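These are my notebook entries on one structure. I set down what I looked up, one topic at a time.

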Amino acid sequence: MSTEKDSMLRVRLTQRQSDELDAIIDELQAQMPEASVTTSSIARYALEKYVSDHIAKRDGTKIFIEVSTADATEEDIKNLYGLLSKLFDETKENYSPTVHYMVGEIFEPVMMKMASLIKLKKPEVKAGE
């Protein structure tokens with residue numbers, strides 16, 4: 001199903017990026033079989049998003065935060081999760097729904113990291129039994 005245009009778009013991807021792109025396409029096609037999801041459609045979406053994000057950054061209408069967790073230990077992530085959970089709860093009680101929502105959006109990547117740590121731990125627990 002790959003077209004010449006799709007192949008050209010993949011030329012600059014690493015093998016890992018290409019494999020991940022295949023996984024994304026498969027996932028999206030499973031969720032929405034009626035949508036024709038291709039490398040080209042994802043590239044077009046990514047370009048639109050990149051330009052929109054650039055404008056939002058420049059105009060100050062969105063906050064972009066990128067924090068590397070490469071050197072963080074499991075304990076660091078758990079501590080961060082604990083701190084952010086308290087902050088998140090506090091915003092619900094003491095601040096506007098907008099502030100609470102924004103904190104939730106900032107907090108989401110840490111929740112995802114915690115979820116991946118928990119998933120990684122489960123097979124080790126079973127192996128130890």
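**Entry 1: domains.** I noted at the outset that this is a predicted model. I then looked up how the protein chain is divided, and found domain 1 (15-59) and domain 2 (74-120). The centres of the two domains, taken over C-alpha atoms, are separated by 26 Å.

**Entry 2: helix α2.** I turned to helix α2, which covers residues 15-31 and has 17 residues. From first C-alpha to last, α2 reaches 24 Å, close to the 24 Å expected at 1.5 Å a residue. Which residues of α2 are buried? I found Ser-18, Leu-21 and Ile-25. They lie on the same side of α2, because they cover an arc of only 55° around the axis. I recalled that an α-helix has 3.6 residues a turn, so residues three or four places apart point the same way. On the other side of α2, I listed Arg-16, Asp-26, Glu-27, Ala-30 and Gln-31 as exposed. I also asked what covers the buried residues of α2. The cover includes α1 (4-10) and α3 (39-59).

**Entry 3: His-100.** I located His-100 in helix α5, residues 97-128. Is His-100 buried or exposed? Its relative accessible area is 16%, and buried means under 20%, so His-100 counts as buried. Leaving aside neighbours within four places in sequence, I found His-100 in contact with Phe-88, Thr-91 and Lys-92.

**Entry 4: salt bridges.** I recalled that side chains of opposite charge can pair when their charged atoms come close. How many salt bridges are there? The count comes to four.

I looked up Asp-53 and Lys-49, whose closest N and O atoms are 2.8 Å apart. Both residues lie in helix α3, four residues apart, which is about one turn of the helix. Asp-53 is buried at 14% relative accessibility, whereas Lys-49 is partly exposed at 38%.

Next I examined the salt bridge of Arg-58 with Asp-59, where the closest N and O atoms are 3.3 Å apart. Arg-58 is exposed at 58% relative accessibility, and Asp-59 is partly exposed at 46%.

I then looked up the salt bridge of Lys-78 with Glu-74, with 3.5 Å between the closest N and O atoms. Lys-78 is partly exposed, with a relative accessible area of 40%, and Glu-74 is partly exposed at 29%. These two residues are four apart in helix α4 (residues 74-94), so about one helical turn separates them.

Definitions and conventions: Residues are numbered from 1 along each chain as its sequence is written. This is a predicted model: local features need pLDDT of at least 70, side-chain atom pairs count only at pLDDT 80 or more; totals for chains, interfaces and linings use all residues. Side-chain values use heavy atoms; hydrogens and water are left out. The expected span of a helix is 1.5 Å times one less than its number of residues. Buried means under 20% relative accessible area, exposed over 50%, partly exposed in between (1.4 Å probe, protein chains only). The arc is that of the directions from the helix axis to the C-beta atoms. Contact means heavy atoms within 4.5 Å. Domain bounds come from an automatic or database domain assignment. A salt bridge is a side-chain nitrogen of Lys or Arg within 4 Å of a carboxyl oxygen of Asp or Glu.
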